[in-house]
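The sequence and the structure come before the details.

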Amino acid sequence: MSATADPDAPIHPFRVRPTTNRLLKENAMNRVQNTGITHPKPFYNEEQSRLKKAELDRYMDKKMAEWKATVPFASHLTEPELHQAYYRRTLIEHVWRIRLSRVSQSKAIYKIAQVAPRAARDYAQYQADEMLHDKLYISDAVAAGVTEEEIVATEPYLSTRLFEGFFYYALEHESALAPVVSNYLVEYTQVKLQPAIVENLQDRLGKENVKGQAAHLHVDTTEDHSQEMWDILHQLIFSEEDFQKVFKYIDDVQEILAMFFREIYEDTVAKHAATAV
């Protein structure tokens, strides 16, 4: 410091002193990681993304055909005769799946934010739309004769718990892709299958008794949640290997969901049929 320098003068906030440069060199280490600070770009450009989505959609169409051919009662909710016990338990499990997803998907947002902040923001907005939809299914369950007390007292099926547990495992040990792929699969198949289901239930039960599911379908279709999921998913694909993982996660999720449909069939249809005989 010169003899004429004022020791009490404020340090200019943008002026780097020689001592600061020395300290920066001595401490040239930043241990902070997992912040998404680089805002990584998706692996595919806009046109490539469109083609990749079409490829995935064709694959999911094939998986839907496999599902219909191999999963018992796969198309039951579009049939003229409605199995009441099966339908009521379906609504109970929907409620629990949404309730459990509120927590697992919040963890997904946290993990995605460490990698791709924009994707985390978009996924958080999607989850904000979905998070309270259990109320829609509760209203239909009550209309079907299921009380809220009965829902609370009913432990979710093992398959439902495994479905949510799979996301915790994947988020910790594999990739944040898994829960987003799951929602992409669900939203894509919803648009394809759910209109016929809702229409049939309205014909069988009356529109007043299926208002929750109808409202849920309206949101999914008018807001194009299938495209929204792809717009998020493609932000998390940073290599060709990542894209191939999407196919594997589709297989995993469909297999766990098939476990659920087999479990509910055995519990509400096959077991009671065997007892009746």
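## A loop histidine

Which residues does His76 touch, not counting residues up to four places away in sequence? They are Glu81, Leu82, His83 and Tyr86, where contact means heavy atoms within 4.5 Å. His76 lies in the loop between H2 and H3; helices (H or I, at least four residues) and strands (E, at least two) are DSSP runs, numbered from the N terminus. Its relative accessibility is 2%, so His76 counts as buried. Buried means under 20% relative accessible area, exposed over 50% and partly exposed in between, with a 1.4 Å probe and protein chains only.

## Basis of the values

The model is predicted: local features need pLDDT of at least 70 and side-chain atom pairs count only at pLDDT 80 or more, while totals for chains, interfaces and linings use all residues. Residues are numbered from 1 along each chain as its sequence is written, and side-chain values use heavy atoms, with hydrogens and water left out.

## Largest pocket

The largest pocket holds about 1200 Å³ of space. A pocket is an open set of points on a 1 Å grid over the protein atoms alone, where a 1.4 Å probe fits, with protein on both sides within 12 Å along at least five of seven lines; lining residues have an atom within 4 Å of a point. The volume is the space filled by probe spheres set on the points, which are joined across faces, edges and corners.

There are 45 lining residues, and His94, Val186, Thr189, Gln190 and Gln194 are the closest to the centre of this pocket. Elements that give two or more residues to the lining include H3 (84–113), H8 (177–205) and H11 (240–276). H8 provides the largest share, eleven residues. By class, the lining has 22 nonpolar, 17 polar and six charged residues. Ala, Val, Leu, Ile, Met, Phe, Trp, Tyr, Cys and Pro count as nonpolar, Asp, Glu, Lys and Arg as charged, and the others, Gly among them, as polar.

## Second largest pocket

About 250 Å³ of space lies in the second largest pocket. Of its 13 lining residues, Val115, Glu174, Ser175, Ala176 and Leu177 are the closest to the centre. The lining divides into six nonpolar, three polar and four charged residues.

## Helix H4

In H4, the buried residues are Ala119, Ala120, Asp122, Tyr123, Tyr126, Gln127 and Glu130. They cover an arc of only 165° around the axis, so they sit on the same side of H4; the arc is that of the directions from the helix axis to the C-beta atoms. Among the elements that cover these residues are H3, H8 and H9. Arg118 and Ala128 are exposed, on the face of H4 turned away from its buried side.
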